[in-house]
Amino acid sequence: MLRTSLQDLPASRIRELANVGLGRDDVVKFWFGEGDLPTPDFIRAAAKDSLDAGETFYASNLGLPELRAAIAAYVSRLHGTRIGEERIVVTSSGVNALALTCQSLIDPGDRVVVVTPVWPNLTSIPRLMNAQVTRVPLSCTDGCFELDLDRLLEAAAGARMVIVNSPGNPTGWTMAQPQWDALLASCRRRGTWLLADDAYERLVYDGSMHAPSVIGQVGAEDRYVSANTFSKAWTMTGWRLGWVVAPSPLVGEFAKIVEFNTSCAPVFVQRAALAALAAGEAPIQATVARLRAARDRLVGNLQRIPGVEVASPPGAMYAFLRIRGRSEDSFACAKALVEEAGLGLAPGIAFGAEGEGWLRWCFAATTELLDEGVARLRGWLGSR
């Protein structure tokens, strides 16, 4: 009774794993990609003020004009370029930004190339559009992930779109600037669309303001789309608000697609986003500093456990680890950790076959919680 493309899609293995621990208060949970702190007070206050003012009606398909202008100014300032608000579309979450882009650009039978292992939505959304997905896996040495650029460019020949998530979920891999430059040049020559999932672009730990990118190089007519979100850098996962930077001619088409999907993002949520942007860099830098300290502590402690292989990720908010002789079947391992140690990690298989044998640990958590998780892992391994 269902569409073939829907029947063929696997359910979320992270959700399946989380259901194992459903109702258990004794499980320390690191399986989802969000932090343990609520959204800052001043952002929540802006949403409350909007609701109190009665802003409960429809808005423009493309977003509040003032928010589009604020996002354009933010992106321009961050990347040292000039992005006009006419290139901005406000979306109901970052994943909605990705879905709208694929709905706008992909026809059945088109081929889409994706760097993997990756958050499963990035391969499943094109498949829902009846596209053919070509996966280009990262290589790994001592827990460090690297891209074979030649392999990616070869795979991209004849493709409709290339999708890159950098910094990446689940690995934290971050694409180097020369590789971005070469990929953009190749896509321009071939007329291939380049979709950058920039959800984690601010979460880098080398002192840079953002991850390497080509957004500052592309013009209003380039076949390039950046999909972004307020979820990670501003601790706003539950608000479900994102944006797209797209070529000017595509934005009008986005308005139609938004209408057929969600009509518009809620006004009070957009007011919260305006407050987030108006606060400048301080909230973001506080988040980055907290995550950097959490990463360093967690990875350092994990590296001291015999049999655990993990490297310090350059970006995002995840440690991707494997346990020698234990995590070959990552779902079985993750399930045993929940049931026997009260430790909730995401199984690597959730991110595709390339992630099998690995476990993802979200380190956006307090020191106490991270330390407790490490202690439970060490104790579980010792008992076996």
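**Sheets, cores and a serine**

A: This is a predicted model, and in it an open sheet of four strands has the order β11-β12-β15-β14, with antiparallel pairing. Its edge strands are β11 (308–309) and β14 (346–347), each of which pairs on one side only.

Q: How many bridges join β14 to β15, and which residue stands opposite Ala-346?

A: Two bridges join β14 to strand β15 (residues 359–362), and the two strands run antiparallel. Opposite Ala-346 stands Arg-360 in β15.

Q: Which strands does helix α12 lie across?

A: Helix α12 (residues 330–341) lies across β12 (318–323), β14 and β15, and its direction runs at about 45° to β15.

Q: OK, and what is the order of the open sheet of seven strands?

A: That order is β2-β10-β9-β8-β7-β3-β4, and the pairing in this open sheet is mixed. The strands at the edges are β2 and β4 (132–137), each with a single partner strand, so one side of each is left without a neighbour in the sheet. From one strand to the next, the twist averages 20°.

Q: What packs on that sheet?

A: Helix α7 (residues 149–156) does, touching β3 (111–116), β4 and β7, and its direction makes about 165° with that of β3.

Q: How many residues of β9 are buried?

A: Six of the six residues in strand β9 (residues 224–229) are buried, so the strand is mostly covered. Tyr-224, Ser-226 and Asn-228 point one way from β9, while Val-225, Ala-227 and Thr-229 point the other way, and all are buried.

Q: Why would they point in two directions like that?

A: In a regular strand the side chains alternate between the two faces of the sheet.

Q: Switching to helix α6, what covers its buried residues?

A: The cover includes α5, β3, β4, β7 and β8. The buried residues of helix α6 (residues 121–128) are Leu-122, Thr-123, Ser-124, Ile-125 and Pro-126. Just after α6, Asn-130 takes a positive phi of about 60°.

Q: What about Ser-93, where is it?

A: Ser-93 is in the loop between β2 (88–91) and α5 (94–105). With 3% relative accessibility, Ser-93 counts as buried, because buried means under 20%.

Q: What does the side chain of Ser-93 reach?

A: The side chain of Ser-93 reaches the backbone nitrogen of Val-95 at 3.5 Å, and a polar atom of that side chain lies 3.0 Å from the backbone nitrogen of Asn-96. Leaving aside residues up to four places away in sequence, Ser-93 touches Arg-240, Leu-241 and Gly-242.

Q: New topic, then: which residues have the most contacts inside the largest nonpolar core?

A: They are Leu-67, Phe-230, Trp-234, Leu-302, Trp-361 and Leu-377, in a core of 108 residues. Apart from that core lies another, of 29 residues, among them Leu-62, Ala-97, Met-161 and Trp-193. In soluble globular proteins, nonpolar side chains tend to be buried together.

Q: What does Leu-377 touch?

A: Not counting residues up to four places away in sequence, Leu-377 touches Leu-302, Ile-305, Ile-323, Leu-337, Leu-343 and Trp-361.

Q: Last one: how many disulfides are there?

A: The count comes to zero disulfides, going by a cut-off of 2.5 Å between cysteine sulfur atoms. For Cys-362, the closest cysteine sulfur is in Cys-333 and lies 18 Å away, which is too far for a bond.

Q: And are Cys-362 and Cys-264 buried or exposed?

A: Cys-362 counts as buried at 2% relative accessibility, and Cys-264 counts as buried at 12%.

Conventions. Residues are numbered from 1 along each chain as its sequence is written. This is a predicted model: local features need pLDDT of at least 70, side-chain atom pairs count only at pLDDT 80 or more; totals for chains, interfaces and linings use all residues. Side-chain values use heavy atoms; hydrogens and water are left out. Buried means under 20% relative accessible area, exposed over 50%, partly exposed in between (1.4 Å probe, protein chains only). A nonpolar core is a set of buried Ala, Val, Leu, Ile, Met, Phe, Trp, Tyr and Cys residues joined through side-chain atoms within 4.5 Å. Contact means heavy atoms within 4.5 Å. A polar contact is a pair of N or O atoms within 3.5 Å; within protein, one must be able to donate a hydrogen and the other to accept it, and residues adjacent in sequence count only if both atoms are side-chain atoms. Two strands pair if DSSP finds at least two bridges between them. Axes are lines fitted to C-alpha atoms, for helices over the stretch in contact, and angles run from 0 to 180 degrees between N-to-C directions.
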